[in-house]
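Come along while I look things up, one entry at a time.

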Amino acid sequence: MRNPQLNANGELTHLLTLEGLPAPVITHILDTAMPFVGIAEREVKKVPLLRGKAVFNLFFENSTRTRTTFEIAAKRLSADVINLNIGVSSTTKGETLLDTVDNLVAMDADIFVVRHAQSGAPHLIAAHLNAHDRSHVHVVNAGDGRHSHPTQGLLDLYTIRHYKKEFHNLTVAIVGDVLHSRVARSLIHGLTTLGTPEVRVVGPKTLLPEKVESLGVRVFHDMREGVKDADVVVMLRLQNERMKGALLPSAGEYFKHYGLTPDKLALAKPDVIVMHPGPMNRGVEIDSAVADGDRAVILPQVTFGIAVRMAVMSIIAGN
Amino acid sequence: MSPTTPMPLASQIPDAESVLAALAERMRPAVAFDAAFVGIYSGGAWIADRLAKMIPGEHPVGYIDVSFYRDDFARSGLKSGAKRSELPFDVEGATIILVDDVLYTGRSVRAAVNELFDYGRPARIELAVLVDRGGRELPVEATYCGARLAVARNLSLVLARDGEHLKFGVESAAEA
Amino acid sequence: MKIEIANGRLVDPAAGVDRVTSLYIAAAKVAAIGKPPQGWNASRVIDARGLVVAPGLIDVSARLREPGFEYKATLESEMEAAIAGGVTSLACPPDTDPPLDEPGLVEMLKHRARLLNQAHVYPIGALTVQLKGEELTEMGELAEAGCVAFSHADMPLVDTQVLLRAMQYASTFDYRVWLRPNDTHLGRGGVAHDGEVATRLGLPGIPSTAETIAIMTILALVRDTGVRVHLCRLSTAEGVALVRAAKKEGLPVSCDVAIHHLHLCEVDIGWFDGNARLVPPLRTTRDRAALRAGVADGTIDLICSDHAPVDDDGKQVPFGEAEPGATGLELLLPLTLKWAAEEKVALPAALAKITCEPARLLGVAAGDLRVGSSADICIFDPEQHWKVESRALKSQGKNTPFLGLELQGKVHVTLVGGHVVHDV
């Protein structure tokens, strides 16, 4: 089955998931992001690459943070940005997802940045565009259900590469609600593709998906064991709904076993970096002392995130 | 051009080091004492480094990557290998000598000038090139030029660096 | 009308017949085999050389979408699909709108079907009123109206007490109860098998235990009540093992599998192909292997299509929102032949699973071609390739995971009650 993200020349034309993306494609995106980091430090934070192009933010699931970073990235590329908050579901409007997409294509959209509560929605849109001779319109997945958040995965990879230089000798621990996390899945695919020898997931059994080892990870239920000698610790956000779904008894008990505190962090390597996709729940998955400490690189992640998104949009818009 | 057109003989390819010497000779009496040399990657960057050593004065050296300002993005996409531009001086009010290895259509220079203006408003920009091969498609001219050379349309003049030694080579031009 | 079907390979699994011979039809029945009856004068001769002449196929689960879901498909289109697929008798589940819980609805459905004069339709009645799982339906009235069994379709029947009472009541009159084993709490909100693929694609999962726990509950109640239960659409290896043990124990249990689950598994979801959204979900290769072995050793009594036409609006949506189901009436034959070829099952044994065995489980007199039986016949070319494309399907449902693939096995002529109803 052809990779729906690559065109006939093997070039990236949609970014839907990191799974199945060849390592050179991923590395190319990270390399392209590097000069974009520099743009942020200039007086005029713009380059004319996407001038005249229209980027439509199609957010079927609310997220001011992610939408804003995509908007900033697109504007720094001199693109026109249109924000569409479709809310819960397009079907409440009576219009199907694909009908909405067709209408927007007719309005000369060049790039759709899509966030949806259902896994696979961006794939559906990309397949529809490919099948209807509209392959000049590109799709960037800004997060679909539990499945994938590829730009987050890429900025996480960029951050790790920035501080650690190489992947081939790293131990990375991903801690928390992996079951519901598209961030975790994307990062796992990216790390394994780039040759990270040890990728660990750490969490209670209720928050780890069935057969998670098949993704290429080692499973830990004891966090002290899980972060021991780690080079990178990635903390995932715990959402309140998990308590209601009989997955966890309380935030307090979760913090006791799986919260990142200074004493647990001390078990990792001395030069460990601490990452978090944000927004953080202080005192639930991460202690403030760690979040504000010198091992945390959470704010640089945000800066890198804009550069990575600029790189992604530049690459796909040119293919 | 037909594929059987012969490549120029090795004796016809200019010696980069002597051309560089000629360029520096022309620049020495004319450039401002505090002019910044900004080289366009990669050839221009190497030359800017050499010129800064060869020409007396306080000459900060910067490098500029024009990948994001090219005019052929829609046709050819983003080329890989984009580097970070580094301008370790204040562009606002500066005298800048833009440095490139080969001046041809003039499009790279246009892109570099546009990019410089996104950093600030320079007082003046001059252009120094090792070789002017003609074939301009935009109204751009070099202020300082090492040598003028006619090169067939289907060929590319490429600068290479071997240690500190610069040399020219010729390749078939990549299809646009 | 006198019809002669000449020189085809007659395969009648029920009668143990498999030879090249001719069939003679008169007065809607099989009049003779091999030699014409006295004074024979055929109005039509069908040249069946190189073709297989089999009893018309019997599909125990085909949704006709009437009443209530006419935007997805109509009786007309689906009955066309049935005969195009060589299906001459079919049973439809009660999950129409309104559900088949009243004799009037059943009668109307049978009446409409009879008017079309195509396949025989055997409705399966609702076990509880409105399929709500609370009150019993008037099973006696429904049986009189023509229901051959009672089922809960895919609707949850959560109250075990109600399930027990329904089974006891049905058992009083020796009605058959058809149940899809599914614990609705486990895998609530799930859309795919809870395993590697669901984990990778980030899809909420339905664990195998949802099926096995329900089977165990049902079997325990069968032990108690002695009711004849038919388990619909097995999908797990553990489920097959449980039924095997139950049969060995002598419980009055039977079961079936949907043809798709003999071929596909979770990995066929690919990149979120909504056509692979099925209930029960496609599970692992191990489950598929156990299902295949179960059909081969008789643990699984029959194969059905579980035909469920769904329109584009139901499928061209994100996977988790897609309506489950696949169109299947026209694929039942070629997919059964494909399974048989892969598992090296002889043609008569394979055809039994879609002719006489379904007839037996439905309790209807059909599925064989002995002299005197109704001339419901399917004549097909087992070698002929055809491509599964929208325009090749008569069903309004073009939703199949096999879209674009080539299959082997094409129906040439279908007869119902001695009339040619489909002729390619």
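This is a predicted model: local features need pLDDT of at least 70, side-chain atom pairs count only at pLDDT 80 or more; totals for chains, interfaces and linings use all residues.

**Entry 1: salt bridges**

One pair I wanted to see for myself is C:Arg200 with A:Glu19, whose side chains meet in a salt bridge at 2.7 Å, N to O. Where do the two partners sit? I found C:Arg200 in helix α5 of chain C and A:Glu19 in the segment before α1 of chain A, so the pair joins two chains.

**Entry 2: which chains touch**

Next I checked the chains against one another. Two pairs of chains are in contact, and of these, chains A and C share the most contacts. Chain B and chain C do not touch, and I noted 27 Å between their nearest C-alpha atoms.

**Entry 3: chain C against chain A**

I went to this pair next. Chain C brings 19 residues to the contact and chain A brings 24 residues. Together they bury about 1900 Å², with 63% of that on carbon and sulfur atoms.

I then counted the pairings. Between chain C and chain A there is one salt bridge, and there are five residue pairs in polar contact, both residues being at pLDDT 80 or more. On the chain C side, helix α5 (residues 196–201) gives the largest share of what touches chain A, four residues. Sorted by class, that side of chain C has eight nonpolar, six polar and five charged residues.

**Entry 4: chain A against chain B**

Then I turned to the other pair in contact. Here 22 residues of chain A meet 14 residues of chain B. The two chains bury about 1400 Å² between them, and 67% of this lies on carbon and sulfur atoms. Which residues of chain A lose the most area to chain B? My list reads A:Pro35, A:Arg42 and A:Leu49, together 38% of what the chain A side buries.

For salt bridges across this interface, I wrote down three. A:Arg42 turns up again here, as it forms a salt bridge with B:Asp118, with the closest N and O atoms 3.7 Å apart. I also noted four residue pairs in polar contact between chain A and chain B, both residues at pLDDT 80 or more.

Which helices of chain A each supply at least two residues of the side that touches chain B? I found α1 (23–39) and α12 (298–317). Of that side, α1(A) gives the most, with nine residues. By class, the chain A side facing chain B holds 12 nonpolar, five polar and five charged residues.

**Entry 5: two helices that cross in chain C**

I stayed inside one chain for this entry. In chain C, helix α9 (residues 285–296) and helix α11 (residues 332–343) have axes that come within 12 Å and cross at roughly 90°. I called anything from 65 to 115 degrees roughly perpendicular, and α9(C) and α11(C) are therefore roughly perpendicular to each other. Which residues make the contact? From α9(C) I listed C:Arg292, C:Val295 and C:Ala296, and from α11(C) C:Trp339, C:Glu342 and C:Glu343. This contact has three nonpolar, no polar and three charged residues.

**Entry 6: backbone details**

I finished by walking along the backbone. The peptide bond from A:Gly278 to A:Pro279 is cis, with omega near -10°, and A:Pro279 sits in the loop between β9 (273–275) and α11 (288–291) of chain A. C:Pro98 belongs to the loop between β7 (87–92) and α2 (103–116) of chain C.

What is the phi of A:Ser78? I read a positive value of about 70°, although A:Ser78 is not a glycine. A:Ser78 lies in the loop between α2 (64–76) and β2 (80–85) of chain A.

Conventions:
Residues are numbered from 1 along each chain as its sequence is written. Chains are lettered from A and ligands numbered from 1 in the order in which they are written. Side-chain values use heavy atoms; hydrogens and water are left out. Axes are lines fitted to C-alpha atoms, for helices over the stretch in contact, and angles run from 0 to 180 degrees between N-to-C directions. Angles under 35 degrees count as roughly parallel, over 145 as roughly antiparallel, 65 to 115 as roughly perpendicular and the rest as oblique. Contact means heavy atoms within 4.5 Å. Ala, Val, Leu, Ile, Met, Phe, Trp, Tyr, Cys and Pro count as nonpolar, Asp, Glu, Lys and Arg as charged, and the others, Gly among them, as polar. Buried area is the accessible area (1.4 Å probe) that two parts lose on being put together, summed over both. A salt bridge is a side-chain nitrogen of Lys or Arg within 4 Å of a carboxyl oxygen of Asp or Glu. A polar contact is a pair of N or O atoms within 3.5 Å; within protein, one must be able to donate a hydrogen and the other to accept it, and residues adjacent in sequence count only if both atoms are side-chain atoms.
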